[in-house]
Amino acid sequence: MYHLDANLNLSQVVSNPLAATILASLCEKNVPLPSNEAQLYRKRFELLCGSFDDVKGIKRTQADPDDLMNASQLIAFHLHQKKERAISKASAIDLLEESSFQPKGVNIPKVVEELIFPSEILSVDLDGNYDFGHLRYQEYLASRELQHRTDLVLHKIVCDKWWFDSLLLLSQDTRDIKRFVYDAQKHGYVRNAPVIKEMLKNRKGKEYTQLKQIIEIAIIDEHDEGIF
């Protein structure tokens, strides 16, 4: 409770049962507590991937924790792009094998197996396929992968309501959001992307001031030019 009092942004999020359960689990396992929602999910996945196992003197997985996280991000991003929630085990393996993903010390089928057990990042559904258990987890993992993708047509994502929450999580978790603002300004879709303003609320200092000014000017320019 002391931590929540000192981190009001996190306190607002932990009012929902999902976030409250995660925070309680992190606290119980003596994991350093996060200060916002994106960090909350990051800590959860670090815990599940085994990043804290060395501290506890245990070893649950053969795959490297970073490889488990990267595989999770690739699968989540693929699902989110297709606006789907579940994937078969075989399709997950094929997806990773067709990407540039190269795990250390184990093969890709082993990574997928360990995402299912013991990590329990992927959960089996009633159809025998696998998902991340909660859409919010998929949104977060997709946002992590989105940070590293530089070859995307951004307006297709930024203007799509399906990506709204992923982009908000990204704005809490990335070094800056300039490329999103600059792309919206360049291609004249700031007014058509309300998520941009919401993302800005998670930024501070010089970056916030600079991007706020760019957004305000862009909105005026789009209005004057009749861009919607």
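Modeller: Phe45 is buried, and so is Tyr140. Keep in mind that this is a predicted model.

Colleague: What makes Phe45 and Tyr140 a stacked pair?

Modeller: The ring centres lie 6.2 Å apart, with 10° between the planes. Pairing needs centres within 6.5 Å, and stacked needs planes under 30 degrees apart, so both conditions hold. Phe45 sits in helix α4 and Tyr140 in helix α9, so the pair ties together parts 95 residues apart in sequence.

Colleague: Why is the pair of Phe77 and Trp163 called tilted?

Modeller: Its planes meet at 55°, with the centres 5.7 Å apart. Under 30 degrees would be stacked and over 60 edge-to-face, so 55° falls to tilted. Phe77 is in helix α6, and Trp163 is in the loop between α10 and α11. Both Phe77 and Trp163 are buried.

Colleague: Why is α4 called roughly perpendicular to α11?

Modeller: The two helices pack at about 85°, with axes 8 Å apart. The perpendicular range runs from 65 to 115 degrees, so α4 and α11 qualify. On the α4 side, Glu37, Ala38, Tyr41 and Arg42 make the contact; α11 brings Leu169, Gln172 and Asp173. By class, that gives three nonpolar, one polar and three charged residues.

Definitions and conventions: Residues numbered from 1 in each chain as written. Predicted model: local features only at pLDDT ≥ 70, side-chain atom pairs only at ≥ 80, totals over all residues. Heavy atoms only, no water. Axes fitted to C-alpha atoms, helices over the stretch in contact; angles between N-to-C directions. Helix = DSSP H or I, 4+ residues; strand = E, 2+ residues; numbered from the N terminus. Parallel < 35°, antiparallel > 145°, perpendicular 65-115°, else oblique. Contact = heavy atoms within 4.5 Å. Nonpolar A, V, L, I, M, F, W, Y, C, P; charged D, E, K, R; others polar. Phe/Tyr/Trp six-rings, centres within 6.5 Å; stacked < 30°, edge-to-face > 60°. Buried < 20%, exposed > 50% of the residue type's maximum accessible area, 1.4 Å probe, protein only.
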